[in-house]
Protein chains: 2
Amino acid sequence: MQPRYNLWIEIDGQVGLSLWRAELLRAVARHGSISAAAEQMGIPYRTAWQKIHEMETRLGQKLVATQTGGAHGGGTRLTPAAALYLEQFDRFAHDLDRFIAEAFAANFHLPD
Amino acid sequence: MQPRYNLWIEIDGQVGLSLWRAELLRAVARHGSISAAAEQMGIPYRTAWQKIHEMETRLGQKLVATQTGGAHGGGTRLTPAAALYLEQFDRFAHDLDRFIAEAFAANFHLPD
DNA sequence: AGTCGTTATGATCGTTCATCATAACGACAA
DNA sequence: TTGTCGTTATGATGAACGATCATAACGACT
């Protein structure tokens with residue numbers, strides 16, 4: 001029995017960024033590739049790529065810079081815009097997480 | 001472009017109460033019937049009944065007192081436990097809503 | 001007895017999300 | 001120059017879940 005929540009940014013009724021998607025972007029930044037990030041997130045590459053592509057079109061801004069082929073097959077880095085975007089969202093999410101725990105303890109008691 | 005969120009109570013990994021479900025319960029209390037509540041929520045009766053039934057089994061507590069047949073076909077009222085439960089959740093949700101608006105304005109600015 | 005609006009539940013259908021499969025790319029090594 | 005390898009990119013398919021349709025049971029009131 002615990003409080004859970006999700007937080008996302010909506011653009012024209014569509015998800016532009018969410019807690020899960022933020023974690024996906026962090027994984028891409030950490031590993032330098034979408035495929036490695038997908039593996040860590042426990043999802044197929046296809047799904048990861050699709051989510052990122054969705055976000056780009058909805059935000060109207062490039063979030064990743066990709067390179068196909070090459071020595072190690074290529075790779076993917078976050079754009080500066082994406083990094084900034086992500087940093088702000090993370091700070092927001094962190095503040096929210098603390099608030100949720102406090103507010104739940106303060107005024108929620110099970111009748112039973 | 002706006003922040004959105006959902007809030008729910010989880011029990012063994014399953015949803016026991018959420019913003020949407022809370023609104024459903026309020027509609028039941030207001031109209032005195034599940035069918036009327038379902039219509040207001042824009043969903044089939046079947047769905048409303050199922051969600052309520054789910055919550056009851058997951059919480060291990062009766063949330064509604066129903067009566068079938070009779071003058072106007074019957075009806076459904078909330079149990080005192082459900083009313084208390086709902087009241088607390090609503091207060092929680094209200095506090096959260098205010099916080100979200102503040103925190104978003106405070107530390108989220110679009111790069112662009 | 002018959003009607004009516006409700007609760008209760010079985011059965012089916014559609015849509016979306018996850019997964020499988022294939023093509024293109026390019027640095028490096030042989 | 002040709003082959004290999006791991007990556008990006010995208011088409012095609014499958015499966016799970018939620019929404020919807022359809023039917024039965026109930027009981028006060030006329």
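A residue counts as near a strand if its C-beta atom, placed from the backbone, lies within 6 Å of it. Keep that cut-off in hand for the first stop. The model on screen is predicted.

**Stop 1: DNA strand C**

Select DNA strand C and show what lies around it. It is surrounded by 24 residues. The closest are A:Gly69, B:Ser33, B:Ile34, B:Ser35 and B:Gly73. Now colour by secondary structure. From chain A, α3 (45-59) supplies at least two residues of this surface. The surface near DNA strand C has 15 polar, 7 nonpolar and 2 charged residues.

**Stop 2: where chain B touches chain A**

Hide the DNA and select both protein chains. Here 28 residues of chain B are in contact with 28 residues of chain A. On the chain B side, β1 (2-11) and α4 (80-107) each supply at least two residues. Which element gives the most to that side? Select α4(B): it gives the most, with 12 residues. By class, the side of chain B that touches chain A has 17 nonpolar, 6 polar and 5 charged residues.

Next, pick the two β1 strands. β1 (residues 2-11) of chain A pairs with β1(B) in the antiparallel sense, over 9 bridges.

**Stop 3: helix α4 of chain A**

Select residues 80-107 of chain A. This helix, α4, has 28 residues. From first C-alpha to last it reaches 41 Å, close to the 40 Å expected at 1.5 Å a residue. Show side chains for A:Ala82, A:Tyr85, A:Leu86, A:Phe89, A:Phe92, A:Leu96 and A:Ile100, which are buried. The buried residues of α4(A) pack against β1, β2 (14-18), α1 (19-31), β3 (64-68) and β4 (74-78) of chain A. They also pack against α4 of chain B.

**Stop 4: the nonpolar core**

The largest nonpolar core has 50 residues. Select A:Leu25 and B:Leu25, those with the most contacts inside it. Zoom in on A:Leu25. Beyond four places in sequence, A:Leu25 touches A:Leu63, A:Leu78, A:Ala82 and A:Leu86.

**Stop 5: B:Met55**

Move to helix α3 of chain B and select B:Met55. Why does B:Met55 count as buried? Because B:Met55 has 24 C-beta neighbours inside 10 Å, and the cut-off for buried is 20 or more. Leaving aside neighbours within four places in sequence, B:Met55 is in contact with B:Gly16, B:Leu17, B:Arg21 and B:Leu63. Finish with a distance label from B:Met55 to B:Gln14. They are 41 residues apart along the chain, and their C-alpha atoms are separated by 9.3 Å.

Note on methods: Residues are numbered from 1 along each chain as its sequence is written. Chains are lettered from A and ligands numbered from 1 in the order in which they are written. This is a predicted model: local features need pLDDT of at least 70, side-chain atom pairs count only at pLDDT 80 or more; totals for chains, interfaces and linings use all residues. Helices (H or I, at least four residues) and strands (E, at least two) are DSSP runs, numbered from the N terminus. Ala, Val, Leu, Ile, Met, Phe, Trp, Tyr, Cys and Pro count as nonpolar, Asp, Glu, Lys and Arg as charged, and the others, Gly among them, as polar. Two residues are in contact if their C-beta atoms, placed from the backbone, lie within 7 Å. Two strands pair if DSSP finds at least two bridges between them. A nonpolar core is a set of buried Ala, Val, Leu, Ile, Met, Phe, Trp, Tyr and Cys residues joined through C-beta atoms within 7 Å. A residue is buried if 20 or more other C-beta atoms lie within 10 Å of its own, exposed if 12 or fewer, and partly exposed in between; C-beta atoms are placed from the backbone. The expected span of a helix is 1.5 Å times one less than its number of residues.
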